[in-house]
Amino acid sequence: GINAEYMGLKRTTPILRTTIGLRPRFVSGRVEIDESSGPIIRLTDNFSQRMAMIQKHQGPTKLLRLKIEPGGCDGFSYKYYVCDESEVDPEDDKVFEHKGGKCVVDVGSLDLLNGSTLDYVTELIGSEFKVRDNPNAGQKCSCGSSFSPK
């Protein structure tokens, strides 16, 4: 379903207030995470390598904020922001880590990102962070930057 917070309505679901201890393991070259501990976002090796470069140039406390915002061709857009660990709200944010690379997601966005993979891709037209394999996305725009929920 569509997250009420993004429709301008009051949040009706309780906020997740615990930090999940993620235990990554490698299976056939793909990162697998124990999903029994709650909502997850998988981070790739390419993501972690790019975050290591950002931390080298901007400081070791930098992480990537991934957020879902209304807009784009299909209703919701993926937004990426480099932020500092001091900006993480333990009451409303969830931090995921893989090989030193960290991503923070607010619980409102997590509903639409749960089970996704966050990657850093290099293509002919440029390089960018990219959400892949989002099981909550129905229709996607051709560039992959927006989607409509299932």
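Me: Why does D106 count as buried?

Reply: In this predicted model, D106 has a relative accessibility of 5%, and because the word buried applies under 20% relative accessible area, D106 falls on the buried side of that cut-off.

Me: What makes the contact between D106 and K67 a salt bridge?

Reply: The closest N and O atoms of D106 and K67 are 3.7 Å apart, and since the cut-off for a Lys nitrogen and an Asp carboxyl oxygen is 4 Å, the pair qualifies as a salt bridge. The two partners belong to distant parts of the chain, with D106 in strand 7 (residues 101-106) and K67 in strand 4 (residues 62-70), 39 residues apart. By this rule the count comes to eight salt bridges.

Me: Why is K67 called partly exposed?

Reply: K67 has a relative accessible area of 25%, and because partly exposed covers what lies between the 20% limit for buried and the 50% limit for exposed, K67 is placed in that middle class.

Me: What makes E128 and K130 a salt-bridge pair, and why do they fall on the buried or the exposed side of the scale?

Reply: The closest N and O atoms of E128 and K130 are 3.8 Å apart, again within 4 Å, and E123, E128 and K130 are linked in a network of salt bridges. E128, at 36% relative accessibility, counts as partly exposed, whereas K130, at 18%, counts as buried, because its value is under the 20% cut-off.

Me: How do you know whether R42 is buried or exposed, and what does its side chain contact?

Reply: R42, located in strand 3 (residues 42-43), has a relative accessible area of 11%, and because this is under 20%, R42 is buried. A polar atom of its side chain lies 3.0 Å from the backbone oxygen of G115, which is within the 3.5 Å cut-off for a polar contact.

Definitions and conventions
Residues numbered from 1 in each chain as written. Predicted model: local features only at pLDDT ≥ 70, side-chain atom pairs only at ≥ 80, totals over all residues. Heavy atoms only, no water. Salt bridge = Lys/Arg side-chain N within 4 Å of Asp/Glu carboxyl O. Helix = DSSP H or I, 4+ residues; strand = E, 2+ residues; numbered from the N terminus. Buried < 20%, exposed > 50% of the residue type's maximum accessible area, 1.4 Å probe, protein only. Polar contact = N/O pair within 3.5 Å; in protein donor to acceptor, adjacent residues only side chain to side chain.
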